[in-house]
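Student: I have the model open and want to go through a few spots. Can we start?

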Amino acid sequence: MSDILVVKTAALAPWIEGRYGLITGCGEEIAALVEREHEFLPRPDMELDPGYRQIIPYVAVTRGDEVFATRRLSAGGEARLHGKLSLGVGGHIERGDDETREGILMRALEREVAEEVGVERVVSLTPLGVINEEGDEVGRVHLGFLFRMEVAGEVSVRETDKLEGKWLKISALGRYAPDMEGWSRIAAEALTGRGSVFAPADILLPGPDADMGKWACVACDQFTSEPEYWAEAERIAGGAPSTLRMILPEAYLGRVDEKAEQAKIYEAMESYVNSGLLREIPESYIYIERTLPTGAVRRGLVGRLDLESYDWAEGSRTPVRATEGTVESRLPARAAIREGAALELPHIMVFINDPSDTLIASAKGGEELYDFELMLGGGHIRGERVSGMAAQELRAKLDSLPGEIRFAMGDGNHSLAAAKLCWERIKPTLGEAERLTHPARWALAEIVNIHDPAVEFKPIHRLVTGGAARHVPEALAGALPGGFINGVRALTKRAVRHFGTGLALGELVQLTDEAIAALLEKYGGEVDYVHGDAECAALAREKDGCAVLLPALEKAELFRYIDRHGPYPKKSFSIGEAREKRYYLECRRIK
């Protein structure tokens, strides 16, 4: 048996130690190491030696929404994989792949594909990541480089004595998981997006005859003190299909029969699904250009966020993080609606950290799905479909985002937390294969780059009234250390005090809120949370209170602060004004 290419496991440790499944974001570095430090050693010696990794190019051959699957017959090379279903074509790298020139991995890939299958035409080849699976004796001595090869025309098995092949729908791969070899289960997750934190989704939108201006409405947690806003939205929507029928505005909480409203929401969802109003946009992202009331254009991308990669708990180390403290008492009411719902509508907005501001913009140029004015001064919105290889390339870029925190919550943290709570309740009732495919595992969301010029953070001020108000300036003087950044102003009818601090915003908010809480307990009164400097100052004068004006969050601070300290205290910042928030528009089945 010939010598095969291997690399010492110790040399790979910086990238693979403690990381299993599909590893993304470091494939080029690992490939460069393989190029520099590979050896050729006898295959029999390597099969049971975990001190070395046998390097395998592993190629999933796809055609649109299908993948070419093979089953290894008894004449196949690796006896431990006989009878298993495989989604990849590949094999060992040999001396014959020309060890003297650079690019040995790609030459071996081309040879293996040519030996095992006949391909009419290759359209593209996309690297998806590196497979490290150590669950069995085969996985512990191999390392795979996973690629997706998109083809056109027919594909046939060449080694018919070793393999048999057939096309499978990518969307149906979950049902075949028990029959797959380990690497193919990982490849299936990559192809379907289940191995990605943010993946394409089967998105529902109204058909072309719908009045989109009446269909879309602003997030339910806006205009909570203005029921007249929601009454006007109802008047505009009239009897037309509208997302208004599928939400409960928080302005109505405590004023309506919430159980009856939930029943109406479920009835509207079923009606819209069963009537054919909604059309499915399968396996796609939606690229969004939102023209805000200010005229600025905010770009976003709608897809599905894996709830297995999110945890709001303090101290969590998941790729998706909460940015503000989660008030768990707010979750049961939201979870109750989601548990009985057939559809979800996102007002969730999540940040990525892309200083070059090119990733989301690269999605532009697909089929137009909608283009219309949003009701009640919300500006304009336009959406394009991102599908096929464009979606896969975009997903690979998102999978490769650097840093431990890859996604940070913007708006809708409590909605995402409610979705996570529902998933954790459902998960124990499912088998292993069902957990891979159940729609409740994901939440539809929009990602936005924190460095987008249209993203603007605004402060949330504190308005203290009652007996505590006149003691606020003195309390802040004692509670806040001096410095030259992140200053605070305390405004009363009698004076204006300014306190410079050296604190990050999260620490400043925490100390400020602790000082106010102590005053309220001692002297009585109330605290309210107010947007806008002038608005807060005017209310302080009107109510003989104290306006505590806090600074705005600096964009560059958010990811860094969360990584070091965890979520900010509640009400630390706001992202734009109410009319700039996300409007309900897209839907997804969760049952």
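Student: How do S25 and S28 pair, and over how many bridges?
Tutor: This is a predicted model. In it, strand S25, residues 460–465, pairs with S28 in the antiparallel sense over six bridges. His461 stands opposite Val530 in S28.

Student: What sheet is that part of, and in which order do the strands come?
Tutor: An open sheet of five strands, in the order S27-S26-S29-S25-S28, with antiparallel pairing. From one strand to the next, the twist averages 20°.

Student: Which strands stand at the edges?
Tutor: S27 (496–501) and S28 (526–531). Each has a single partner strand, so one side of each is left without a neighbour in the sheet.

Student: Which helices lie across it?
Tutor: H13, residues 472–479, lies across S25, S26, S27 and S29, and runs at about 15° to S27. H14, residues 505–523, lies across S25, S26, S27, S28 and S29, running at about 10° to S25.

Student: Switching to S14. Which strands does S14 pair with?
Tutor: Its partners include S12 (residues 201–206), antiparallel over five bridges. Leu205 has Arg279 in S14 as its bridge partner. S14 also pairs with S21 (residues 380–386), again in the antiparallel sense, over seven bridges; there Tyr287 stands opposite Glu384. Six bridges join S14 to S15, residues 297–306, and these two run antiparallel.

Student: How many residues lie between S14 and S15 in the hairpin?
Tutor: Five. Gly295 is in the turn and has a positive phi of about 100°. Thr291 stands opposite Val297 in S15.

Student: Next, Glu133. Where is it?
Tutor: Glu133 is in the loop between strand S8 (117–132) and strand S9 (142–157).

Student: Buried or exposed, and what is the nearest side chain of opposite charge?
Tutor: Glu133 is buried, yet has no salt bridge. The nearest side chain of opposite charge is Arg185, 4.2 Å away. A salt bridge needs the charged atoms within 4 Å.

Student: What else is Glu133 in contact with?
Tutor: Leaving aside neighbours within four places in sequence, its contacts include Gly139, Arg140, Gly182, Trp183 and Ile186, along with Arg185.

Student: Last one: Ser184. Which helix is it in?
Tutor: Ser184 is in H5, residues 182–192. Ser184 is buried, with a relative accessible area of 0%.

Student: What does its side chain reach?
Tutor: The side chain of Ser184 reaches the backbone nitrogen of Leu87 at 2.8 Å.

Technical notes:
Residues numbered from 1 in each chain as written. Predicted model: local features only at pLDDT ≥ 70, side-chain atom pairs only at ≥ 80, totals over all residues. Heavy atoms only, no water. Helix = DSSP H or I, 4+ residues; strand = E, 2+ residues; numbered from the N terminus. Buried < 20%, exposed > 50% of the residue type's maximum accessible area, 1.4 Å probe, protein only. Polar contact = N/O pair within 3.5 Å; in protein donor to acceptor, adjacent residues only side chain to side chain. Pairing = 2+ DSSP bridges. Axes fitted to C-alpha atoms, helices over the stretch in contact; angles between N-to-C directions. Contact = heavy atoms within 4.5 Å. Lys, Arg positive; Asp, Glu negative; His and termini not counted.
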